[in-house]
Amino acid sequence: MTENREILQAIFEKIKAYDRIFLFRHVRCDGDCVGATKGLKEILRDSFPEKEIILTDGQKSDYLAFLGEDDPAVPENAYHDALGIVIDTANAARISNQNFSLCREVIKIDHHIETEPFGDLRWVEEHRSSACEMIVSFYDTFRDELTLSGDAALYLYTGMVTDSGRFRYEGVTGETLRCAGILLDRGIDTDTLFAHLYLTDADYFKFKAYMTGRIKFTEHGVAYLYLTRGMQKKFGLSHEEASNVISLLDGIKGSLIWLAFIENPGEKDIRVRLRSRFVTVNGIAEHYHGGGHACASGATVYSKKEAQALIREADAVLADYKATHEGWL
Ligand code: AMP
């Protein structure tokens, strides 16, 4: 299952030792961090009914609302004698509930490239397709002592599906599918799940048509889109709908790197979503206040000039890749 059996054992001992456990995830939550925290919460609550398992996060996601609400906020002193488990978050600044630092001990469980080793215990496996896969693996390792309900399976499957591009990305292994199999065996209504995740309002198609006409390409094939605050207002986009503009660029032959620049409403910064096939892009993201995975990273720029510099850097990376590799598409 995992080469980190000793770390998993140590994590399980900590879980057993604490009466109160807080779960934490990253800002701008996505299917994986929501699924992993809700999934682990459910497993721990069902397995240890005497413990308090708390997931409180000020941030919400419309498209994941079908998974249900988190817990209400609790006073700061509740954190002091608690264990904190931070999932799917590479660096401490991106943890959405910064009260994690008040916990007596902190565990990090993550599948991002390790840039900041925070916490007292760390289980980081960069090759994992999702943090949810790691939680399923954890469950499977101690399955004699843990309970996996149908709800927990749904939460975890949601994260596995969304973070792996529906089991399509490079990180998907036999182990990924074995973990998914454990969840499916609990009986997940996948038709309803996929409808929640991937159906859009008819109006969103008009937005997609508008943006498709605005796709630009660099000399060596980097495809990119720039989404202004004005466009977001014009089409009445939610945060997730705006973020999803990156998906319009996926699947263009020869465009091995694609970028979406999304102006942050109410702020000066511009969010950058970087995606690629074959080529590594997290190095580019790290030059612009970001990071992430080899083929899926995030960054922030603060002006159109900086956005242009990032595009030029991506173009140079792609030019170099194409000049030194064969067989790409
Ligand atoms: P996104 O395009 O925001 O979905 O990000 C793609 C991947 O990169 C996700 O796994 C994020 O967790 C990660 N990521 C995004 N922004 C950052 C950042 N500023 N620092 C580190 N990792 C990031």
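Q: Two strands pair if DSSP finds at least two bridges between them. In this model, how many bridges join strand 9 to strand 11?

A: The model is a predicted one. In it, strand 9 (residues 270–276) and strand 11 (residues 296–301) run antiparallel and are joined by six bridges.

Q: Turning to strand 1, which strands pair with it, and in what sense?

A: Strand 1 (residues 20–24) pairs with strand 2 (residues 52–54) in the parallel sense over three bridges. Strand 3 (residues 83–87) also runs parallel to strand 1, joined by four bridges. F22 stands opposite I54 in strand 2, while the bridge partner of L23 in strand 3 is I85.

Q: What handedness does the β-α-β unit have?

A: The unit is right-handed, and is made by strand 1, helix 2 (residues 31–47) and strand 2.

Q: Is I21 buried or exposed?

A: The general idea is a cut-off: buried means under 20% relative accessible area. I21 counts as buried because its relative accessibility is 0%. I21 has its place in strand 1, where four of the five residues are buried.

Q: Which residues is I21 in contact with, beyond its neighbours within four places in sequence?

A: With those neighbours left aside, the contacts of I21 are I15, L44, K51, E52, I53, I54, L83 and I85. H220, by comparison, is 199 residues from I21 in sequence and 50 Å away in space, C-alpha to C-alpha.

Q: Which residues come nearest to the ligand?

A: The ligand has 13 residues around it, and H112, R271, R273, R275 and H293 come nearest. To read the site, take the atom pairs one by one. An oxygen atom of the ligand lies 2.7 Å from a polar side-chain atom of H112. For R275, a polar side-chain atom is 3.0 Å from an oxygen atom of the ligand.

Note on methods. Residues are numbered from 1 along each chain as its sequence is written. This is a predicted model: local features need pLDDT of at least 70, side-chain atom pairs count only at pLDDT 80 or more; totals for chains, interfaces and linings use all residues. Side-chain values use heavy atoms; hydrogens and water are left out. Buried means under 20% relative accessible area, exposed over 50%, partly exposed in between (1.4 Å probe, protein chains only). Helices (H or I, at least four residues) and strands (E, at least two) are DSSP runs, numbered from the N terminus. A crossover is right-handed if, with the strands pointing away from the viewer, the path from the first strand over the helix to the second runs clockwise. Contact means heavy atoms within 4.5 Å. A residue is near a molecule or strand if one of its heavy atoms lies within 4 Å of it. A polar contact is a pair of N or O atoms within 3.5 Å; within protein, one must be able to donate a hydrogen and the other to accept it, and residues adjacent in sequence count only if both atoms are side-chain atoms.
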